[in-house]
Amino acid sequence: MITMQRLHLGADHGDRSPWTLLVVLTVAYMLLALSAYELFGALTIGVTFFPPAGMTFAAFLLLPQRRWPQIAAAIVIGEVLVDVGQGHGLGWSLGWAAANLAEPFLGAAVARSISPQVELTRRFAFSFVVGGLLVGPAVGASIGATVLAVADDMSWLSSHPSVWVGDALGVLVIAPCIIVLARPDATAPTVVRRIDPLLILLAMVGAGVLLFRSTSVPAGYAVLPLLALVALRYGAREVAAAGVVVATSLTAATAHGRGPWAAATVADAHDNLFQQQAFLLLAIVGAWLLKLEVRERVLAVHAAQRAEAQLDWARVRAREQRHLAAMNEALGALASAATTAEVETAAVEHGRALFDADSIVVLVEDLTSDVSSTRQPGDAARFSLLGEPVDPWAISLSDVLRTGLPVFDDREQADVADDRPRMAMLPFSVGRTRRGVIGITRPTGMEWSEGAQVRAIAFASIVGDALERTEQAATDRTIALTLQHALTPDRIDAPPGMLVAGRYLPATESLEIGGDWFELVPTDEGRAATAIIGDVVGHSLQAAAAMGKLAAAARALGYARLEPGALLDVLDLVAQHTPDAMMTTMACAVVRVDLAVVDYSVAGHPPPLLLDPDTGVRRLDGGRGRPLAIPPFGARRTCREQVVDGSMLLLYTDGLVERRGESIDVGLDRLAAVFADAAGLDPDAACDLVIDRMLGAGGNADDVAMLCVCIGPTQCAGQDDC
């Protein structure tokens, strides 16, 4: 088997290895098959212990499937050559070749399907018994008994059990020997591996000789305690060797009329051989089951020892593990901090748990002043800076910031008589222009171990990154809000016959700024006005910039007195050539006081609401289309709604109605109910009512823009509704 394993490992290095494997398997098969004829009585008393069955079963288990054709060819060639050499016909030989090929192939296939791993475990033992001792030999015995019935006129029913037991014994004895050589048992004691195998082999050979010479059947049962002793005391290789010695010696003795199962006639010899092989099958299976149980117990002991060692290690490392968990919590808190104050709070709170600290101070350099510390007289604590002990108060904050090197108190406990805390100074960077220091004090018994120092340095760096992120976000928000306020009209000039109010509310839960805006453009000498509201996807300075470009373009197009659908078609082109403007949503409405109508079109935006003083609130769902810059382009619809004196039109962005975990339809229905209560109010009061009832004291998680237009008395004209 060692040879087969080496051939397998070298099979990809040349074309010769497969042929070498075929030759080796064929020769081994023929030698083992001849032993069945010459040594185990196949020529004198019939079907007997068949060692090739075990070799081929092990080969199918251990070798990869690409080598199975060589195994099959070796079985057929070896069986035919041996049988023909023994004087059997070609048909008889091919029949036995089919039996001896089907048996290991099917047995190994079943075993591998149950346990893909070939190792000494309960699962593999079960797969070995099912595939190697039951399914495979049953199939081989069925074909072999058929060959005997057809060629030699023997009873199929009487031949089948003998063939089955002989092949199963061959698998049970030979296959484990090959497997344990290819997969050594790691649980066997080292002393056993080096010394005992030879002694056991000699003892088993001696026992085999005694059994060969014995003529009493009870003497054969003496192999039971012998096999049990080997299974209890030694490794899998020794059990396999014991099985080989016992099986070969007893079978050879019986075949030659000697030993406990010797018989006077050929007929009795055949029956005695069957009984002896059935006994061996049970005895060796029992030995392997006992060995498996012993091995499992040894593995359990080893596992317990490993668990105890790991427990000892865990006890030593418990504080480090707790600190790592605290580090993960600190990372999460710092990553989710939205403001500089939140970063500093998270650094202090989580830093105390992370370092078992008495106090933590976060100092950030002010570029307008000199940040330094003064030495405190009488302080003798020793610190280390790159391994060199120094007096900590001799190092000013300016020096720490300049060198960028952390300083840790590494004094020995015996070096000081007082209980002053141990300190550390950890520099960090905030972007490219600012720097800071974290000061940590720990109880005097808390040494700065190597792991603690690594965590402290990493913690300081993470704090610096968090401060940089929040300060940059605050800067971006200031710029975006400035842009937003510049684009949001301070005063809305309402045409005659209209009252108009607008609101813009930045998000209260984030430093980021969105791209919400609104615009009202009077046209037709005050007889009409174009109302526009939009929302650029994203919350960043880039989104605000895209919003500014689209808002400017929308205002210019409003003066062109385009229908809402045509206006959005043009803005489609603008959005296609504006970075970060894709998926922008907009709603556009042209309010004509002289005609008492509202023409509107919607590009992926929440639908406008129209409050009729007589019929209540309705959604303007007509004319809805895709967001801007999303094909296909062109031909957006414009719809018309008739209005009456006192009607109010509300345009808004999704921040007013969207809530996490809630369908937007629920928010739209809630807004419609609130807007209905604004009947009779002016637009300013209506906006205040909607904001108070929709957002409440909790504020808004997203930006909100609103535009409310109240339409005064006009002479109604024709109606053309969508």
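Tutor: Begin with the labels. Helices (H or I, at least four residues) and strands (E, at least two) are DSSP runs, numbered from the N terminus. This is a predicted model, so local features need pLDDT of at least 70 and side-chain atom pairs count only at pLDDT 80 or more, while totals for chains, interfaces and linings use all residues. Residues are numbered from 1 along each chain as its sequence is written, and side-chain values use heavy atoms, with hydrogens and water left out.

Student: How many helices and strands does the chain have?

Tutor: There are 20 helices and 17 strands. The chain runs to 722 residues, and 48% of them are buried. Buried means under 20% relative accessible area, exposed over 50%, partly exposed in between (1.4 Å probe, protein chains only).

Student: How much of the contact in the chain comes from residues 24 or more positions apart?

Tutor: A contact means heavy atoms within 4.5 Å. Among contacts with a separation of 6 or more, residues 24 or more positions apart account for 70%.

Student: Now helix packing. At what angle do H3 and H4 pack?

Tutor: Axes are lines fitted to C-alpha atoms, for helices over the stretch in contact; angles run from 0 to 180 degrees between N-to-C directions. Helix H3 (residues 51-62) and helix H4 (residues 68-85) meet at about 170°, and their axes are 10 Å apart. H3 is therefore roughly antiparallel to H4. The cut-offs: under 35 degrees is roughly parallel, over 145 roughly antiparallel, 65 to 115 roughly perpendicular, and the rest oblique.

Student: Which residues of H3 and H4 meet?

Tutor: H3 supplies Thr-56, Ala-59 and Phe-60; H4 supplies Trp-68, Ile-71, Ala-72 and Ile-75. By class, the contact of H3 with H4 has six nonpolar residues, one polar and no charged. Ala, Val, Leu, Ile, Met, Phe, Trp, Tyr, Cys and Pro count as nonpolar, Asp, Glu, Lys and Arg as charged, and the others, Gly among them, as polar.

Student: How many aromatic pairs are there?

Tutor: Eight. Rings of Phe, Tyr and Trp (its six-membered ring) pair if their centres lie within 6.5 Å; planes under 30 degrees apart are stacked, over 60 edge-to-face, the rest tilted. One of the pairs is Phe-60 with Trp-68: edge-to-face, 5.2 Å centre to centre, 90° between the planes. Phe-60 has 1% relative accessibility, so it counts as buried. Trp-68 is buried too, with a relative accessible area of 12%. Trp-92 and Trp-96 make a tilted pair, at 5.7 Å centre to centre and 50° between the planes.

Student: Why are Trp-92 and Trp-96 separated by about one helical turn?

Tutor: Because they are four residues apart in helix H5 (residues 90-114). Both Trp-92 and Trp-96 are buried. Look also at Phe-57, Phe-124 and Phe-128, which ring pairs link into a cluster.

Student: On to sheets. In what order do the five strands of the open sheet lie?

Tutor: Two strands pair if DSSP finds at least two bridges between them. Here the order is E7-E17-E16-E12-E13, with antiparallel pairing. Strand E7 (498-505) and strand E13 (616-619) are at the edges with a single partner strand each, so one side of each has no neighbour in the sheet. On average, neighbouring strands are turned by 15° against each other, direction ignored. Helix H20 (residues 683-695) packs on the sheet and touches E7, E16 and strand E17 (704-711); its direction makes about 35° with that of E7.

Student: Over how many bridges do E7 and E17 pair?

Tutor: Eight, in the antiparallel sense. Met-498 stands opposite Ile-711 in E17. E7 is mostly covered, with six of its eight residues buried. Strand E12 (residues 609-612) pairs with strand E16 (residues 648-652) over three bridges, again antiparallel. There, Leu-609 has Leu-650 in E16 as its bridge partner.

Student: Is Asp-572 buried or exposed?

Tutor: Asp-572 is buried, with a relative accessible area of 0%. Asp-572 lies in helix H18 (residues 564-576). Leaving aside neighbours within four places in sequence, Asp-572 contacts Arg-626, Pro-627, Leu-628, Ala-629, Ile-630, Phe-633 and Arg-636.

Student: How far apart are Leu-181 and Ala-236?

Tutor: They are 55 residues apart in sequence and 9.5 Å apart in space, C-alpha to C-alpha. Leu-181 belongs to helix H7 (residues 156-182). At 44% relative accessibility, Leu-181 counts as partly exposed.
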